[in-house]
Amino acid sequence: MFRRNGSAEDQRLKAEIEMRNRAILAGGGPNFRGTGPEDAEERIPPITAFELSTLNHFLSAAQSGDFPCDRRAEIPVWPASEMELFLKKYAEWAPSPYSGLPSPAGPFGNMPGPSPPAMFRIMNIISGLNDIMDDAIDFAMSGASTDTIGANINAGKVERSFKLLKTKIWFGLSPVPLAHWNTKNLNHVSNIEEALSILQAVIDVWEYLRQPKIQGQLRNKFNKIFIELDVFQDASNAYHTQRGDPAPTWSISKLWQNYIHDHFQQMETNSRAFLFSHLLALHTVWKQKMIDALQGGRQINSTQVTIKVDHAALMVLNKIQDLYKATDINVRCRTDGFVMAYGVDPRLAELEAPQPVLNRIYEGMENTRVKEILNAFDVVLSDRKVQRQAASPMPEFMEPVNLVVDREFGHKALQPEIENPPKAIREAWVRGLSKESVGSFGYVVYRLTYAQSDEEWETSKKQIEAAIESGWEGVVGAENVKQKAKLHWVDGSEEAILEGDLDAAREHFIKFTAQTSTFPTGLAKHTCLAITPTSILSLPSGNSLSAQPIPGDFTPFLYAIRTTRTEDPPNHPSPAFATGAARPQQEPSAFDGTLKVLAHLLYTDFFAMTERSAIVNNVKELWDISAKHPWGVYTGPTTAVQRRNWREMEALGGIIARLAIAARGPAGG
C-alpha cells in the first residue's frame, strides 16, 4: 500500500494509477453491450391486473382451508354446498330484497333483466372489462384529442414474457427455477449480463404493479369483489334463516380478505427470496473478483505493492447494489385503500370516489414512502463515507472502490435480508401434490423415434428421465412430491403411429384417456408428451447438439401435445437444424397444440402453470414466447439479453455451435 506522504516513487506510482483510472473512466468506463429494438418482443394487452385464475384459486382455498403462505384458514371454511347458490341467479334462490338485485352496471347503466349469479358478477369484475370502460370514461373526461387514442392503448401494452413473468410472480412461482438457473450457469462471470437482466425483469414486474393506475385497478377489483361477496353472504344468511337452518358461522367476504392478504404475502416473500438469494451469490463472486484484482498488484519492495482496480467488477458490483435498492423499494405488496380486516387508510376510505382521484392520493402516499427509503439510504451512506475518510484517508483513485463498499455495508445495516435472504414458501401446486389423497401425477409419454436399437433407446430414455428429474432442484417441498411423479411410456410403433407423427399420438392419447379402466390414475388427461427424432438429437450423446453454444437453453427437450388444436397445423421443421445451422427455413406458421419444452422445466414450470394450478389456460402463450428460440423451444419467460444472444447465434449461421463442438467435443447438457 502507499504511505500518506510517501517517497517520490510513491507519489509517481499513485499519479500513474490515477491517470490510468481517469483514462478508463473518461471513456465511460466498462459497461454491458446492451440490447436493441430487434431484441424486443411483441407487445400485447395485459388483459387484467388481477390474474383471472385468482378467483378459482380463492374458491378452492375457501372450501379446503389451504391458504397461501402454507397456512390454514383461521376462520370457518366455506361449505362446498354453497357453490350451488353461488352459480344460480339470485332470483332463483335468494329471499327479498336480494332476489330483486339489479344487474351489474355497464357503460350506459345497469344491464336489463334479473341479476346473474354471484359468480358471473365477480368474473365480470375480475375480467378487466370494467377497466376498459373506466379507461374510456377517464379519457373522455380528460379532454384529450382522439388522435391520442392509439398511443394510449399501445402505452398500456406489455411484452409477452413480461406478461407471463407477472403471472408466475402473482401466483408465487419461481421466476426461473433453480435447476434452470444452474443449468444456464448464470452465476458464472461470463453470464452476468443475462443474470442481472433476469433479476431486473422481476423487479420490473413489481414496479409495474405499484404504478398508480395498476394499483388502482387492483384496489378497485378487490373492493368490488369484497362487496359482491358480502352481498352474497347476506343473501345466503337470509336464505338459511328463512329455511330455519342454523345461522352460518362462515363468512365468504372475510375469507376473501384473509386469502388476498396471504396471497400478497407469499408473492412478496417468494420474489424477495429469489432476488436476494441470487444477488447474494452474484455479489460474492464479483466482490471476490474485485478483491483478487486489488491483491494482484506488482510488488515494489518488501513493504509496498501497486493496486489494480478491476473496473468491470466495480461496474457489476454497483449494478448489484442498484438492484438491491430497487428490490427494497419495489418488491413490497401494497394494500392501501383495500377493505381489509385491519381497516382502510382514511385517505382512501371514499371507495366511490373517481379512480383517478384515489390514484393521485395513492401516488402521493407512495412517493412519500419511496422518499423516506431513499433518504435512509443517503443518510447511512453519507455517515459511512465521512467516518471512513476521517479514519483512513485513501488515494483518490480508490474512492470508487470505497464507495461501492460503503453502499454494500450501508444497505446491510438497513436490510438484514441481504446477508440472510428469506426462505421461499412452498408453492401452492407442490402443497396440493403433497397431500396423501394424491397418489401420483405426471404424463403419458409417446416414443415416436424408431431408428435407434432397443439398447440405444433405453439409454436415451434414461437421459430424458434424468433431465426431467433434475428439474426438482431447489423446489421447496420436493422431497414429499417428486417420488409421486410418474411417466407412462407408450411405444408408438406398437400402436401403428408413424415416426414423429404428433397428430397420430394426439388421436391415440384422446382414445386412451377415454378408457377409464386402463388409463393410469392421476396422470394428465389434456396433455401428453412425445419423444421424436428431433428430441433425441438434443440429448448429450455425442451428436451435434450436445455442445451448447449457450448453456441451459439448448438442453434435452420433448414435445408437449395438447388434446385440442387452436389453429391450423404448421409445417414441422426438419431435424436437420441439429447440425448447428441457423433456424430452419420452414418455421411453424401457427400453433398446432404442440410445444417443445426443456425437460428440466417439465414439472416446475410447464406442469405448475398448465395442469395443477391452471394459471395458464392457453398453451399458445408459451408457444408464442418459444418462437424466438432458435429451435423453437420453450425455456420460460425471456429477457432482451437472452433474445440478443439467440439472435447473434442465428446471425452467425451456426458458426458458434460448430466452433463449440470442435473445441469441446461431446459435452453434457
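Reply: First, a word on labels: helices (H or I, at least four residues) and strands (E, at least two) are DSSP runs, numbered from the N terminus. Keep in mind too that this is a predicted model. On that count, the protein chain has 22 helices and 12 strands.

Let's zoom in on Glu427. You'll find Glu427 in the loop between α14 (399-414) and α15 (428-433). What Glu427 does have is a polar contact, side chain to side chain, with Trp429 at 2.6 Å. If you skip the neighbours within four places in sequence, Glu427 is in contact with Gly172, Leu173, Ser174, Gln266 and Asn270.

Now step back to the whole chain. Of its 669 residues, 51% count as buried. Take the contacts with a separation of 6 or more: residues 24 or more positions apart account for 79% of them.

The largest cavity has a volume of about 100 Å³. Its lining includes Trp170, Trp206, Phe264 and Arg332. Helices α9 (192-209), α10 (212-243) and α11 (252-294) each supply at least two of the lining residues.

Helix α10 is also where Asp234 is found. Asp234 counts as partly exposed because its relative accessibility is 34%. In sequence, Asp234 and Ser251 are 17 residues apart, with 9.4 Å between their C-alpha atoms in space.

Finally, some backbone details in loops. Ile47 sits in the loop between β1 (43-44) and α2 (54-64). Its phi is positive, about 75°, although Ile47 is not a glycine. With 49% relative accessibility, Ile47 counts as partly exposed. Asp70 is not a glycine either, and has a positive phi of about 60°. Look for Asp70 in the loop between β2 (66-67) and β3 (71-72); at 32% relative accessibility, Asp70 counts as partly exposed. Then there's Pro97, in the loop between α3 (83-86) and β4 (105-106). The peptide bond leading from Ser96 to Pro97 is cis, with omega near 5°.

Key
Residues numbered from 1 in each chain as written. Predicted model: local features only at pLDDT ≥ 70, side-chain atom pairs only at ≥ 80, totals over all residues. Heavy atoms only, no water. Polar contact = N/O pair within 3.5 Å; in protein donor to acceptor, adjacent residues only side chain to side chain. Contact = heavy atoms within 4.5 Å. 1 Å grid on protein atoms, 1.4 Å probe; cavity = no way out; pocket = protein on both sides within 12 Å on 5 of 7 lines; lining within 4 Å. Points joined across faces, edges and corners; volume = space filled by probe spheres on them. Buried < 20%, exposed > 50% of the residue type's maximum accessible area, 1.4 Å probe, protein only.
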